[in-house]
Amino acid sequence: MSRDVDSSLVRRRRSGSWWLLPEALALALLGVGFYYSTAVAAPTLTEGQARADAAARIAVTIEQSTSDEHAAHGHEVNPDERMLCTAEVWKIDEPATASGAATAYGYYLCATGTPGTPYMLSRMNAGPIVAQLTDPPQITVTALDEDFRSQVEAMMPAEFVEQSFKGFTDPGRADTLRKRFESQVSRAA
């Protein structure tokens, strides 16, 4: 049994559906683009998470500073000593321009000693801190040989000047540093 098919009807149906291929291709490309744009995007941090991340970066930067960098602030760290730090960030100001770095304001505490030094006998440095959140952060602390109040008023926003003289808002930070120092320095003799 043979069927005759009108070839002009088949040609019209084929030529009328030419647009399906480019549209299917465009949809596939959009889908792939959407998948990669959402899969690769960095997660958004809450304000508290951003402050905690900045505080951790600041503490590590201070701990890894060279003896010369410490000396520039009036602190002495000998090659055989170990310095451990903690920091608390009270506020992060976003940069004024897209190419600028955010600025963090807070407080830091460091304990320094040779292996075997008890925490309470370690040399401690503490005070307000301002950090440009570059990689690594650029840190500003008060110098020991200048008027402390004037330095604090010059470097800190007015809303944090009084807190700068009080220290951490979270007293647990100092206790956490004490425990770290005891386990990594005091017991390392």
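Predicted model: local features only at pLDDT ≥ 70, side-chain atom pairs only at ≥ 80, totals over all residues.
Student: Which element gives the most to the lining of the second largest pocket?
Tutor: Two elements, α3 and β1 (82-93), each supply at least two residues of this lining. The greatest contribution, 6 residues, comes from α3.

Student: What volume has the largest pocket?
Tutor: The largest pocket is lined by 18 residues. Elements that each supply at least two of its lining residues are α3 (47-63), α4 (67-71), β2 (103-113) and β4 (138-141). Its volume is about 330 Å³.

Student: Which residues of the lining lie nearest the centre of the largest pocket?
Tutor: The lining of the largest pocket divides into 9 nonpolar, 8 polar and 1 charged. Those nearest the centre of the pocket are T61, I62, S65, E69 and I139.

Student: Which residues does I62 touch, not counting residues up to four places away in sequence?
Tutor: I62 is among the lining residues nearest the centre of the largest pocket. I62 is also among the residues with the most contacts inside the largest nonpolar core. Setting aside residues up to four places away in sequence, I62 touches H70, M83, C85, Y108, C110, I129 and I139.

Student: Which element gives the most to the largest nonpolar core?
Tutor: This core has 18 residues, and those with the most contacts inside it are I58, I62 and Y108. Two or more residues come from each of α3, β1, β2 and β3 (123-132). With 5 residues, the element that gives the most is α3.

Student: Is Y108 buried or exposed?
Tutor: The place of Y108 is in strand β2. A residue counts as buried under 20% relative accessible area. The relative accessibility of Y108 is 4%, so Y108 is buried.

Student: What separates the C-alpha atoms of Y108 and G127?
Tutor: Leaving aside neighbours within four places in sequence, the contacts of Y108 include I62, N125, A126, G127 and F168. Y108 and G127 are 19 residues apart along the chain. Their C-alpha atoms are separated by 5.7 Å.

Student: What angle lies between the planes of F148 and F165?
Tutor: The two rings form an aromatic pair, 5.5 Å centre to centre. Planes over 60 degrees apart count as edge-to-face, so this pair is edge-to-face. The angle between the planes is 75°.

Student: How many residues apart in sequence are the parts that the pair of F148 and F165 ties together?
Tutor: F148 and F165 are each partly exposed, with a relative accessible area of 31%. F148 lies in helix α5 (residues 148-155), and F165 lies in helix α6 (residues 161-166). The pair therefore ties together parts whose separation in residues is 17.

Student: Which residue is 69 residues from G116 in sequence and 6.0 Å from it, C-alpha to C-alpha?
Tutor: G116 lies in the loop between β2 and β3. G116 is partly exposed, with a relative accessible area of 32%. The residue 6.0 Å from G116, C-alpha to C-alpha, is V185.

Student: Is the peptide bond from D135 to P136 cis or trans?
Tutor: Most peptide bonds are trans. P136 lies in the loop between β3 and β4. The bond from D135 to P136 has omega near 0° and is cis.

Student: What pattern does the protein follow along the sequence?
Tutor: The protein has 7 helices and 4 strands. Buried residues make up 31% of its 189 residues. Read along the sequence, the pattern is α-α-α-α-β-β-β-β-α-α-α.

Terms used. Residues numbered from 1 in each chain as written. Heavy atoms only, no water. 1 Å grid on protein atoms, 1.4 Å probe; cavity = no way out; pocket = protein on both sides within 12 Å on 5 of 7 lines; lining within 4 Å. Points joined across faces, edges and corners; volume = space filled by probe spheres on them. Nonpolar A, V, L, I, M, F, W, Y, C, P; charged D, E, K, R; others polar. Phe/Tyr/Trp six-rings, centres within 6.5 Å; stacked < 30°, edge-to-face > 60°. Buried < 20%, exposed > 50% of the residue type's maximum accessible area, 1.4 Å probe, protein only. Core = buried A, V, L, I, M, F, W, Y, C linked by side-chain atoms within 4.5 Å. Contact = heavy atoms within 4.5 Å.
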